[in-house]
Structure formats: structure tokens, C-alpha cells
Amino acid sequence: DNMYSIPLSSDSDCGELSNKNFHNQTGLSSESFNSLDPDANPDELEEKQRLINQVLELQNTLDDLSSRVDSVKEENLKLKSENQVLGQYIENLMAASSVFQSTDAKSKKKAGKKKPGK
């Protein structure tokens, strides 16, 4: 079984890996690449290592974005809750203020007394 796993971004300190770190994180060394593909030349091995480094970097980016999404969701929930509290507070203030009372009572009074010119 020649399959191997690439460590998750949380397993590495950074996206760029030295040969030593690459070997420590993947369990593979340059020699292991040679045994996986005996026909591979050094340029192909370098390209494979570059692609693995790129995958690790993208995993780090994905992990960072995922954390950011979680924090934004949390902040969004907090703001929604605060908005509900403020909305209820404003409704209570409006209900307690005569300025915002129903206009039905006022319109009945005005209907009986028409001002001249209107």
C-alpha cells in the first residue's frame, strides 16, 4: 500500500516545509518519493514537494477562513440578540410616549372639528 496521508494544516507550523519538516510531517523523504516512482526525476520530485507544500498552505488558509467564519457567525448571533433587545426597548419607549400613540383617537377628534380652508 503506497498511500500516505498529508497532515492537516493544524498539524504544521507553516505552509513552507524544509525537507526535514516534510519528512517529519508526511513520514516521507526524497528517497521515499524515489521508491514510490522509480522513474521520477529530481524535477518531478521537486514539483511534487512544491505541490504538497502548496496543499499544506491551502489547508492553513482554509483552516484560518473556517475559524474566521465561526467567529463572524458568533458575532452575528450576538448582534442579532442585541438588536432584539434594542428593538423591544424602542417599542416600549414608543408605547409609553404620547407622540407615538395611535392616531385613531386623534383622527376622530379632528373629524368632528374641520379647520377652515381644508
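Predicted model: local features only at pLDDT ≥ 70, side-chain atom pairs only at ≥ 80, totals over all residues.
Let me begin with the buried residues of helix H3, which are Leu 45, Gln 49, Ile 52, Asn 53, Leu 56 and Asn 60, where buried means under 20% relative accessible area, exposed means over 50%, and partly exposed is in between, computed with a 1.4 Å probe on protein chains only. Residues are numbered from 1 along each chain as its sequence is written, and side-chain values use heavy atoms, with hydrogens and water left out.

Taken as a whole, the protein has four helices and zero strands, and here helices (H or I, at least four residues) and strands (E, at least two) are DSSP runs, numbered from the N terminus. Of its 118 residues, 15% are buried.

Now to helix H3 itself, which covers residues 42-96, with 55 residues in it, and spans 80 Å from its first C-alpha to its last, close to the expected 81 Å; that expected span is 1.5 Å times one less than the number of residues.

In the model, the chain over residues 48-82 is 100% helix and 0% strand, with its end C-alpha atoms 51 Å apart.

How many salt bridges does the structure hold? There are two, a salt bridge being a side-chain nitrogen of Lys or Arg within 4 Å of a carboxyl oxygen of Asp or Glu. One joins the side chains of Glu 47 and Arg 50, at 2.8 Å from N to O, and these residues both lie in helix H3, three residues apart, or about one turn of the helix. Glu 47 is partly exposed at 33% relative accessibility, and Arg 50 is partly exposed as well, at 42%.

The side chains of Lys 78 and Glu 75 also meet in a salt bridge, at 3.8 Å from N to O. Lys 78 and Glu 75 are separated by about one helical turn, because they are three residues apart in helix H3. Lys 78 counts as partly exposed at 46% relative accessibility, and Glu 75 counts as partly exposed at 38%.
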